[in-house]
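Okay, thanks everyone for coming.

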Amino acid sequence: MAVTYGVPFTISCKAEGGREPHRIVLSYPNNTKEFKWERGNSSDLICEGDHVVTCSHVISSPGYNADGSYTCTAYNINQLGDEDSNDDDVMLTVVRDPVIEPMKNIEMLANETEVLNCTISSKPNIGKDKIQWLFPNSSIVPDAMI
């Protein structure tokens, strides 16, 4: 699943089975965070349902550190009184539209050479073939001059 850098999104998981889940845990990549729901208690996850329980969690401002595999684990008590679990993973990739860092104004004399640097951040990365330089009159700078 791809989400946009800094834009809130909801991650959801669904647990279903013959026995009602009594606990559901949503784990962030590398177990950096956990959100739990337990039947009958308040929760970090919003969950609804009985035999089919759907839980959701809002990530309000995802950064690049939100990339990775999220795991939803449902727990129930089996007929023998033991706890069983089942999990499902969703892979999340944070994407970002190109952002160009502001450039500094420079002054130079005619016939001097100057190097202009342009820093662009994006994900996935943009190849040089997708970047165009423009002259002040908005005409495209030829590749031979770059």
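I'll go through a strand and its partners, then a sheet, the core and the salt bridges.

Some ground rules to start. This is a predicted model, where local features need pLDDT of at least 70 and side-chain atom pairs count only at pLDDT 80 or more, while totals for chains, interfaces and linings use all residues. Residues are numbered from 1 along each chain as its sequence is written, and side-chain values use heavy atoms, with hydrogens and water left out.

Let's begin with strand 3, residues 23-27. When I say strand, I mean a DSSP run of E with at least two residues, numbered from the N terminus. Is strand 3 mostly covered or mostly open? Mostly covered: five of its five residues are buried. Buried here is under 20% relative accessible area, exposed is over 50%, and partly exposed is in between, using a 1.4 Å probe and protein chains only. And that goes for both faces, with Arg23, Val25 and Ser27 buried on one side and Ile24 and Leu26 buried on the other.

So who sits beside it? Strands count as paired if DSSP finds at least two bridges between them. Strand 3 pairs with strand 4, residues 34-38, in the antiparallel sense over five bridges, and Arg23 stands opposite Glu38 there. The two strands make a hairpin with six residues between them. If you look in that turn, Asn30 has a positive phi of about 55°. Strand 3 also runs antiparallel to strand 7, residues 68-77, and five bridges join them. Leu26 has Cys72 as its bridge partner in strand 7.

Strand 2 and strand 6, residues 52-59, share eight antiparallel bridges, and Ile11 is partnered with His57 in strand 6.

Now the inside. A nonpolar core is a set of buried Ala, Val, Leu, Ile, Met, Phe, Trp, Tyr and Cys residues joined through side-chain atoms within 4.5 Å. The largest one here has 21 residues, and Ile24, Leu45, Cys55 and Tyr70 have the most contacts inside it. Strand 2 gives the largest share, four residues. What does Tyr70 touch, leaving out residues up to four places away in sequence? Among others, Ile11, Leu26, Ile59, Val90 and Leu92, with contact meaning heavy atoms within 4.5 Å.

Last up, salt bridges: a side-chain nitrogen of Lys or Arg within 4 Å of a carboxyl oxygen of Asp or Glu. How many turn up in the whole structure? Four. One of them joins Arg39 to Glu20, with the closest N and O atoms 3.5 Å apart. Arg39 is in the loop between strand 4 and strand 5, and Glu20 is in the loop between strand 2 and strand 3, 19 residues apart. Another joins Lys36 and Glu34, at 3.8 Å. Then there's Asp67 with Lys123, at 2.0 Å, N to O. Asp67 lies in the loop between strand 6 and strand 7 and Lys123 in strand 9 (residues 120-123), so this pair ties together parts 56 residues apart in sequence. Asp67 is partly exposed at 25%, and Lys123 is partly exposed too, at 23%.
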